[in-house]
Amino acid sequence: MPNLISQPVQAQVKQDCLLSTTAAQTKEKLRLLALKGDRDAQSRYQQLIRQHAQDLKECRSRNWPKIQAVWLRLYPCDIQPGLIDQIMDRMVNRGYNQIYIETFYDGQVLLPAADNPTIWPSVVRTPGTEKIDLLSIAIQKGRERGLKVYSWMFTTNFGYTYAQRADREPAIARNGKGQTSLYVVENSSQVFIDPYNMQAKRDYFQMVQQVLRRRPDGLLFDYVRYPRQTGTDSIATKVTDLWLFTPATQEALFRRALNNKGLDLMRRFLMKGYVTVADIDQVDKLYPQEGEPMWQGRTPPPQQKSLLPAADRQPTLQVELWQLMVAHAMQGILDFVALASYPAQQVGIPSGVVFFPDGNQMVGQGYDSRLQPWDRFPSNLQWHAMAYAVCSDVSCITNQVQRVISAAKPGTQIIPALAGAWGQSTTTRPSLEAQMQALRKFAPQLAGVSHFAYSWQYPENDSDRKFCRLR
């Protein structure tokens, strides 16, 4: 095949950073020949990889978006020779310069079985594959092609395997109906933990440290929230809807009390979901030396010579106790993100949070059941907003992105995630081209854009890799 790469490669990258079909086919032929042991093809393949990496870098520096990323799940079959190369080549051909590899999901972790001290099983666990480090291989293969490779991880969703351990039962979140997330989420593989639980924190922290040993270019934290519930339960309107009924969460809650009256009313509210005039009267009599019931964040009413009657104070205390419970649940999520991202910050690796733009909303007197306080995520983390809204056009998607931009502090890196495929529209989802065009008006405020997911763009390849049998 003497004339395989005779054309000047530099001229083959278009404005959208797509590689020409000819150049992509040439590279694929060389990859297949190299797999068969052709040393000359191997040398030329490596040369082409380097050339395309340089072309991609120059193209992305000149064109919007500067970061174009794609979300990817790897499977055990991807340890077969040449498969990761093929996936990474495809992403470069499509103009992507970042790739987010799912590293911790569904209660399993992308670490080699022989070097996995975490509590979760390895993704690759076929006998004889114990030492194969698929994450390290993917990072290396991506970097060779000029791709930045991030580790994308579930956060407070620890997966079904975690729930099977009796010694981890206290770490699993419970609501006031005695349920864990296994009973409220349609997909019963999702197990959400109590973000205040020390054992859960230690387990997660250790896993993050192991991932960082592979030196990815960044970490992304997904499922940074409580379970999404369905129907009327999708709105949390009463205390039993909240995931506050575990020992660690309640201990942390009661530490927020600033006097005995505050603590007593908090306990009563948590137990019943409300406080009565009689409750307030009783508490006043139990602690006559104290003034207003106090807890962190409470601003007492202006000082009176004596306390107002319990009947006058009850409506305000009722609302403020409800707001305290919600705020405490949300603070657990914020604290867990801070803990999760700390090891990466220590070694200078960027981190990001993945969230739903509507996951933090109030609905009447209630709150979205996910209680995802993304508007309070730190601005030193990248904000990966999943703009997956469904309507007949792109307006609902741009509205979600606009909402995130409006809430972000100056300097926050916003990288919206879009769902869809190139060149394909459905009744509910425009093509990626249409969505990208719609986001152009926000170009100055966006650090980049990502696409969910590789599996949507190459469904047959994803299915083949998912269901193949390792021999």
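## A buried salt bridge in a predicted model

Arg-298 has a relative accessible area of 9% and is therefore buried, a word used for residues under 20% relative accessible area, with exposed meaning over 50% and partly exposed in between (1.4 Å probe, protein chains only). Arg-298 forms a salt bridge with Glu-292, their closest N and O atoms being 3.1 Å apart, where a salt bridge is a side-chain nitrogen of Lys or Arg within 4 Å of a carboxyl oxygen of Asp or Glu. Glu-292 also counts as buried, because its relative accessibility is 15%. Both residues belong to a network of salt bridges that links Lys-261, Asp-284, Glu-292, Arg-298, Arg-313 and Glu-320.

This is a predicted model, in which local features need pLDDT of at least 70 and side-chain atom pairs count only at pLDDT 80 or more, while totals for chains, interfaces and linings use all residues. Residues are numbered from 1 along each chain as its sequence is written, and side-chain values use heavy atoms, with hydrogens and water left out.

## Other salt bridges

Across the whole structure, a search finds 31 salt bridges. One of them joins the side chains of Arg-465 and Asp-78 at 2.8 Å, N to O, and both Arg-465 and Asp-78 are buried.

In another, the side chains of Lys-177 and Asp-233 meet at 3.9 Å, N to O. Lys-177 counts as partly exposed because its relative accessibility is 38%, and Asp-233 counts as partly exposed at 32%.
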